[in-house]
Amino acid sequence: MASEVRAPSAALPGTPVELRRDVSIWGSFTWGYADVGADVYVALGLVMGAAHGATPLAFAAAGFVYILIGFAYTELASAYPVAGGGQYYTTRGLGDIWGLIAGAALLLDYTICISLFATASAGYINFFFPAIREFAIDIGPFQGINLIWAAESLFLIVLLMILNIRGIRESSLFNSLIGGLDMVLETIIIVFGFLFAWKPEMVVFQFKTEFPSTEQFFYAVSVAIISYVGLESVSQAAQETRRPATIIPRTSVSLICVVLLFAMAFPILALGVLPWQALAERESDPVAVLASAIPYVGFLAGHAAAVLGATIVLISANTGVMGASRLSYSMSESHLLSPWFSAVHPKFRTPVRAVVFFSVVAAAQVIFSFLTGPHAMDTMVNMYAFGATLAYFLSFIALIALRIKDPYTPRPYRMPFNIKFKGIYIPILGIVGAFATLAMMGVVLWTHALGRVAGPGWVLLWLAVYLWYRWKNRHPLFSNIPRDWEKEQIAILTSAEEFDLLEQYKHALAERNKKEAKHASQ
Amino acid sequence: MIELIDQINPLGGVIALFFVVSLISILWWMLHPPDYIPAAAAKARHSVFAIKKILVPTVGLPYAERGVELACRLGSEQGAEILLTYVVEVPRTMPLGIPLPDAEQEGNEALERACSIVKLHGLPSQKILQRARLAGEEIARIARDRDVDLIILGIRSEPGLRDAILGRTSDIILRHSPCEVLIDKLPKGAQE
């Protein structure tokens, strides 16, 4: 195999500046938790509004797909600990053009993650300023625009942009502190709620009498799945995580379990404390409503949940900035995007141009959504689901392809339930996951009117940019740039200081070469 | 306090307890990853892991059978194949093909005993009974022909010649073997 493209993460000669490995085990975990933890604050009311008494069932259905996605990402991120996540795995497993499609889908999600959660964070801050919350003016043809809220959201995006230019250690520390605090407070709400306010008969009653229609239920499931981009964030941080192949399987598996615990506990608790309508009416702050109904902690709950909501969704937005910049860095290193995106700041060692560019895109999304009036957040949620399901589907296909094409790379974690066929482990759950995410994408296209137009439109836009860039640089348009993946894998493991896996990989290759030489001599 | 306890819904209490215990257990497990393995340690670890074929010469005596046990333990993690070898030395004064039923029977019995040790570890094995003028040369040849990764040789504590440390066979194997050789020499006075 020819070696024309240098490894994205490798410490190869001539590599000027690399991303810094500064993310600890808790930091890696909270990157993901920051993203998924925010789901409760934004999605609980939305899911409740669609799934009514079947809300726990909607979260469980989404949770099943999430577990499969989690297993797949854990295997891939620990085997290939580089920035890029789903996009990198797809490029490696399926080729350049599919990698670009997966990358574009994820970029859509990350930019919406920034704009949606920055807006939501500002919304929670405005809990303390009702005058700002109610403020609205008309500008020309645009009616009821809350300019102050929009300005607050833009200010938060600028703040996150500066934080991410400064370096991942600073932003990771920010995530770690807030993530830890949030987990403690959410636990207090859940424990006090189950102990002193929860009525199981109320859950059963609402489940029996308030079941939604099929379409509403599927819509709710697709909204519930949007929050699971958190796992993608963990793999995005792989290139900056210390000992990623060891740490990432642990943080990913822990994240799957912790998020499922919270995602199941909140709707079960909510339906046992309040009627679903009470939460559906307050889509902007459902956790605050729930917490205020709990004895002993309820008197503080409104304010605490507002502060907590503002911070956790802000770190979710921060995860979006980090994810978009690392992903575009990786795509640029793989020659899917212009090298302009991969420039690393000489002092802070962060992908500065990518951080600024995607922050500006998110700011533009905020302005656009505020111009649409009071339903701005709905618009963002619609597009969010499309990107996630498309990227996850391609990642499952890539996982199956890599098991066949690259059986020599050591996998510290392997998806459970495999069938050995001609020396290759076929992942049964990977195949189930591919079908499940494909079905989920079908549901998104069926139930999200804007998602089925804006989502594919965004991907086609990036595809056009990709073709233009490849044509301009005389790279193959529809085929792959030749790469030496084995050399790259050695460089990745060396750079990650995963020496045990490195030796395992070298021995596997040596054994293969020995077999091939023996076969050739016969 | 009693009033507080009275207010607790039993099922809610169980769910709350399950939630807290699960959360703490998951985080504890996550925060205790395996230790870092330095490059040199990883190299050493995997060079042993790469041993897939181990040759063990046996003479049917306890020190030789201890060598078989050592080979099984070294090869168990990677499921190595154990080649058990018994060489009947034929003096140069006799033709190589001369019938030696007693010696061959002794060899077969020694191989059977060695094989029973390997079976206990669940590893694949092969029995090889050969004739040669010099056992050491024949063992080195087998190692070369069969692509052996390691030879493990259990030897007696006091070789026959006063000045020799290892004995003739061991010396030849060390000189002519194409692969790694591990000699297990018991201390003086150890039960042989």
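Okay, let's start with a charge over a ring: Arg512(A) sits over the face of Tyr408(A), 5.2 Å from the ring centre. There's another one in chain A, where the charged end of Arg414(A) lies over the ring of Tyr425(A), at 4.6 Å from its centre. Before I go on, keep in mind that this is a predicted model.

How many aromatic pairs does the structure hold over all chains? The count is 24. I'll pick out a couple. Tyr88(A) and Trp485(A) make an edge-to-face pair, with 6.2 Å centre to centre and 90° between the planes. Now look at where those two come from: Tyr88(A) is in helix α3, residues 86-94, and Trp485(A) is in helix α19, residues 485-495, so the pair ties together parts of chain A that are 397 residues apart in sequence. And is Tyr88(A) buried or exposed? Its relative accessibility is 1%, so Tyr88(A) counts as buried; the cut-off for that is under 20%.

My other pick is Phe218(A) with Trp446(A), and this pair is tilted: 6.1 Å between the centres and 55° between the planes. Again, distant parts of the chain are linked, with Phe218(A) in helix α9 (residues 214-225) and Trp446(A) in helix α17, 228 residues apart.

Next, the surface. There's a nonpolar patch with about 760 Å² of accessible area together, formed by Phe64(A), Phe417(A), Ile419(A), Ile428(A), Ile431(A), Val432(A), Phe435(A) and Leu438(A). Which helix gives the most to that patch? That would be helix α17 of chain A, residues 428-447, with five residues. Ile428(A) counts as partly exposed because its relative accessibility is 33%.

Last stop, Thr246(A), in helix α11 of chain A, residues 244-273. Thr246(A) has a relative accessible area of 17%, so we call it buried. What is Thr246(A) in contact with, leaving aside its neighbours within four places in sequence? You get Glu498(A), and then Pro33(B) and Pro34(B) over on chain B.

That's my tour, thanks.

Conventions
Residues numbered from 1 in each chain as written. Chains lettered and ligands numbered in written order. Predicted model: local features only at pLDDT ≥ 70, side-chain atom pairs only at ≥ 80, totals over all residues. Heavy atoms only, no water. Patch = residues over 30% accessible without salt bridge, like charges linked within 9 Å, V, L, I, M, F, W, Y side chains within 5 Å. Areas by Shrake-Rupley, 256 points an atom, 1.4 Å probe, with all protein chains shown as cover. Salt bridge = Lys/Arg side-chain N within 4 Å of Asp/Glu carboxyl O. Helix = DSSP H or I, 4+ residues; strand = E, 2+ residues; numbered from the N terminus. Buried < 20%, exposed > 50% of the residue type's maximum accessible area, 1.4 Å probe, protein only. Phe/Tyr/Trp six-rings, centres within 6.5 Å; stacked < 30°, edge-to-face > 60°. Lys NZ or Arg CZ within 6 Å of the ring centre and 35° of its normal. Contact = heavy atoms within 4.5 Å.
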